[in-house]
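The following exercises are to be worked with the sequence and the model at hand. Each task is followed by a solution in steps.

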Amino acid sequence: MNNMIIGKYVPGDSLIHRLDPRTKLLLMFIYVFIVFLANNEWTYGVLTFFTCALLFLSRIKLSFIIKGLKPVLWVIVFTFLLHVLFTKEGNIVFQWLGIEVYDKAIQQGAFISLRFLLLIVVTTLLTLTTTPIEVTDGMESLLSPLKKWNIPVHELALMMSISLRFIPTLMEETEKIMKAQMARGVDFASGPLSERMKAMTALLVPLFISAFKRAEELAVAMEVRGYRGGNGRTKWRELTWRGIDTAFMILLGFLAIVLWLLRS
Amino acid sequence: MEVVVRVENVSFQYVNEQTYALQNVSFQVYKGEWVTIVGHNGSGKSTLAKLLIGLLPPTSGTIHACGISLNEKTVWDVRKRLGIVFQNPDNQFVGTTVQDDVAFGLENRGVPKNEMEKRIKDALQKVGMENFANDEPHRLSGGQKQRVAIASAIALQPHIIILDEATSMLDPSGKREVLQVIQSLRHEHDMTVISITHDLNEVAKADRVIVMNKGRIALEGTPEHIFAHGAKLEEMGLDLPFSLQLSQRLKENDIPITTDHLTMEGLVSELWTLYSAMSNIATK
């Protein structure tokens, strides 16, 4: 159960692992936009090459990526089929049982699916090479200009990191409560949906009560250790922007220009 | 001797309750002392802990800590001088890893990064957790988490450490770990320790014991002095340490034990030398 959410990170010491989380977040964010620049064989070729290069640099086993792709694979296949069946452009490649398949349709289906695939690979790569806490730190740093408009960036980041820290604790607790209730005869697994929903209250109510109690105790513990909000706080985790980060951003700029020039 | 905590005529009544949780409680804690406040549920010891760290204001009476009178304005100043370890190991672990947790308090104080590094390393070394700096809390045992909590407290260089039932959720080996760490800290750094507990087994290591009952101080003195009132303690719902009970039973059965042992180690060492002591007497 614990591996579901936070176990995604694959420890490593590759170039991609060591990039500043801000670089990775920006990279992903910009990538999402420039993917849409691609519209022909050349541009998709360049994009695919770039993505494969990232994958190679991350030194992550391909099996991890494929595992991450599994849940969305059918969406990709479905998108492809949809395009193949309903786009009616170009020449008919073949006809079968009244279904006409056009060459442009196959091309477009392939492009759209590839675009989808590339997007997912890059975002998966981010979660595989960056710890959740790094993502939080990166977000806090990137969003810090919003403090000017009184958006509590520090508090949000702290909330996120505390939530991350408590996921395994609450998971453990859920399991414990479930076992305790099952020992008392609650059936979580079978019966009609309405019955199962009812059984969930036996799990959720104790879980919520305990979570609130934990929150209260945690707040006291934080307060006695001197927590009084973000002002005047120093940071233990400092992000360092290095040459390689600048290099990656420039590379990304090049990629965008190349795509712009090659697109039709 | 320098007084670090002075509690004077403190009473406390919870809102909507008839009886006082604390009534006219006065005591002092001296620098470098280990004072244990012990009491059964509802004796007022937890309320006392909350008053000491300024979570609740006393209904009447005053509390001075490190020469500062504790009130709403000085509470942050006073807390700077206190380190507190609470009962639940999980609910006081703020950071995502061990070193992040120790860093949390330092961040709050605005300690610069290079100084932080030094203090974190130092604090983790003192509690013997330096090899776990990058571990996540769910990989640690309860005793280890409490040791991290102690490290988090001492990284802030407090004058006083308060243990608020800090060992009550731990297994025996976890308890031992935590108490050993506290003891070695005290020897090396002359730290004042106030531990609040319901477990008389923890009392043996203290310099002085304050027994709370029904919101009042019932007994005060050295552990030996306290345990001389064994029957009274049992009346208050406290369980005497096993070694003490055993020593008393042995005496009742005419086994020549010299004292009432407060620690298992003491009793064991007397018992295994007892036979040779007796045979010595016999040969004489």
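**Exercise 1.** Locate B:C66 in chain B, describe its phi angle, and decide whether the residue is buried or exposed.

*Solution.* Step 1: B:C66 sits in the loop that runs between β4 (60-65) and β5 (68-69) of chain B. The model is a predicted one. Step 2: most residues other than glycine have a negative phi. B:C66, which is not a glycine, has a positive phi near 50°. Step 3: a residue is buried if 20 or more other C-beta atoms lie within 10 Å of its own. B:C66 has 20 C-beta neighbours inside 10 Å and therefore counts as buried.

**Exercise 2.** Describe the side of chain A that touches chain B.

*Solution.* Step 1: contacts join 24 residues of chain A to 28 residues of chain B. Step 2: on the chain A side, the elements giving two or more residues are α7 (153-183) and α8 (193-224). Step 3: α8(A) gives the most, with seven residues. Step 4: by type, this side of chain A consists of eleven nonpolar, five polar and eight charged residues.

How values were computed. Residues numbered from 1 in each chain as written. Chains lettered and ligands numbered in written order. Predicted model: local features only at pLDDT ≥ 70, side-chain atom pairs only at ≥ 80, totals over all residues. Contact = placed C-beta atoms within 7 Å. Helix = DSSP H or I, 4+ residues; strand = E, 2+ residues; numbered from the N terminus. Nonpolar A, V, L, I, M, F, W, Y, C, P; charged D, E, K, R; others polar. Buried ≥ 20, exposed ≤ 12 C-beta atoms within 10 Å, placed from the backbone.
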